[in-house]
Amino acid sequence: MELDEVTFELRRRGAPYVMPRMWAATVHPDDLGALTRHVKEWAEAARVLGVRRRGVGAAKKSGGLVVAVLSVDVLAELAPLPTEVEPGTRLDLVAALAQSPTAASVVLLPPAGAPFSVDAELERGRLSARLTPTAPGPWLVQVMATHVGGPRPVAQAIFSVGEQPPSGYAEGEVPGESGFDAKARPDDALFALLNAARREQGLHPLRRNEALDRVAAAHCRAMKSRGQISHDTGLGDPARRVEEAGLRPQATGENVALARSVPRLHRVLWASPSHRENLLLRRWDEVGVAVLERGDGSLLATEVFIDR
């Protein structure tokens, strides 16, 4: 089972946790001692961001066991939302946020079109917002919170308007994906996917900026060194890092992601309302892109956007 499918199942079952991690292997009964060691090493390799929770499952297979471990860091808890509503129904979103964020927001991803933000109130770690979805189809709501490392998704939920919720995960091509070039360098391939997605959505393509490429590459190296996926690893937020590179844009934005391939990086960013909002923002005109491989073979990516 792919991590995308696991994430969908978490959402379908009402679990709001973001960025789950999964470890799976087929082991012989004689190797169970080594299994414990490997799982412990895997678990301790990731920095703890909130309250860590894990689930373990196993199934018999010819000659051994298939063992899977799912790990999440709880950064927020959501009050339950209905899974199916009629168009125009008012929904009250309530979230208890961990780690006392300095700011929080709510981003909605409708069935079609670009994501958009809604007004939210934050008081003593409690976020509240009012949603009134009208377009029929599946919706995704994402809660963003700002801590020392910058803004990050902390909770997500799905619901359907005017129709039954999907009963299972269905993977299809996302905008831009058909233009993937497996022979290109990873950063060039991700840049091409970004612009292909913008063209398919009727937006102008972005110009590549070498100075922004260097900013993005430096941030990938910093994230790899710190073992941390965030917008501020201690070297400043995106706006500060862009200014230190000698640029003075009107506005700055950034996407960061971790996945096992370039198409998956693009899928991860497209699936997140706040990241898709950056991908499709009309005001951007230049971008820097970097992709860096980690020791386990997975890829870190940074996209830095500016409005000249």
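I count two strands as paired if DSSP finds at least two bridges between them, and I take helices (H or I, at least four residues) and strands (E, at least two) as DSSP runs numbered from the N terminus. The model I am reading is predicted, so that local features need pLDDT of at least 70 and side-chain atom pairs count only at pLDDT 80 or more, while totals for chains, interfaces and linings use all residues. Residues are numbered from 1 along each chain as its sequence is written, and side-chain values use heavy atoms, with hydrogens and water left out.

**Entry 1: the β2–β3 hairpin**

I began with strand β2 (residues 51–61) and strand β3 (residues 64–74), which run antiparallel and are joined by eleven bridges. The two form a hairpin with two residues between them, and Gly63 in the turn has a positive phi of about 85°.

Is Ser71 buried or exposed? At 2% relative accessibility it counts as buried, where buried means under 20% relative accessible area, exposed over 50% and partly exposed in between (1.4 Å probe, protein chains only). Setting aside neighbours within four places in sequence, I listed the contacts of Ser71 (heavy atoms within 4.5 Å) as Pro20, Arg21, Trp42, Arg52, Arg53 and Arg54.

Most residues other than glycine have a negative phi. Met19 is partly exposed, with a relative accessible area of 40%. Arg124, also not a glycine, has a positive phi of about 55°, and I located it in the loop between β9 (120–123) and β10 (126–131). With a relative accessibility of 85%, Arg124 counts as exposed.

**Entry 2: the five-stranded sheet**

I traced an open sheet of five strands in the order β5-β12-β11-β7-β8, with mixed pairing. At its edges stand β5 (84–85) and β8 (116–118), each with a single partner strand, so one side of each has no neighbour in the sheet. Within the sheet, strand β7 (residues 103–109) runs antiparallel to strand β11 (residues 137–147), and seven bridges join them. I looked up the bridge partner of Leu109 and found Leu140 in β11.

**Entry 3: the four-stranded sheet**

Another open sheet has four strands in the order β13-β15-β16-β14, and its pairing is mixed. The edge strands are β13 (207–208) and β14 (251–259), each with a single partner strand, so one side of each is left without a neighbour in the sheet.

How do β13 and strand β15 (residues 286–293) run, parallel or antiparallel? They run parallel, joined by two bridges; Arg207 stands opposite Glu286 in β15, and Arg208 stands opposite Val287. By contrast, β15 and β16 pair in the antiparallel sense over eight bridges, with Ala290 opposite Thr302 in β16. These two strands form a hairpin with five residues between them, and Gly297 in the turn has a positive phi of about 90°.

Helix α4 (residues 210–226) lies across β13, β14, β15 and β16 (299–307), running at about 35° to β15; here axes are lines fitted to C-alpha atoms, for helices over the stretch in contact, and angles run from 0 to 180 degrees between N-to-C directions. Helix α6 lies across β14, β15 and β16, at about 125° to β14.

**Entry 4: α6 and its partner α3**

I found α6 mostly covered, since eight of its ten residues are buried, among them Arg264, Arg267 and Leu269. Its buried residues pack against α1 (3–12), α3, β14, α7 (273–279), β15 and β16.

Helix α3 (residues 186–200) packs with helix α6 (residues 262–271) at an angle of about 40°, their axes 9 Å apart. The two are therefore oblique to each other, given that angles under 35 degrees count as roughly parallel, over 145 as roughly antiparallel, 65 to 115 as roughly perpendicular and the rest as oblique. In α3, the residues Pro186, Ala189, Leu190, Leu193, Leu194 and Ala197 meet Val262, Pro263, Leu265, His266 and Trp270 in α6. I sorted the residues of this contact into ten nonpolar, one polar and no charged, counting Ala, Val, Leu, Ile, Met, Phe, Trp, Tyr, Cys and Pro as nonpolar, Asp, Glu, Lys and Arg as charged, and the others, Gly among them, as polar.
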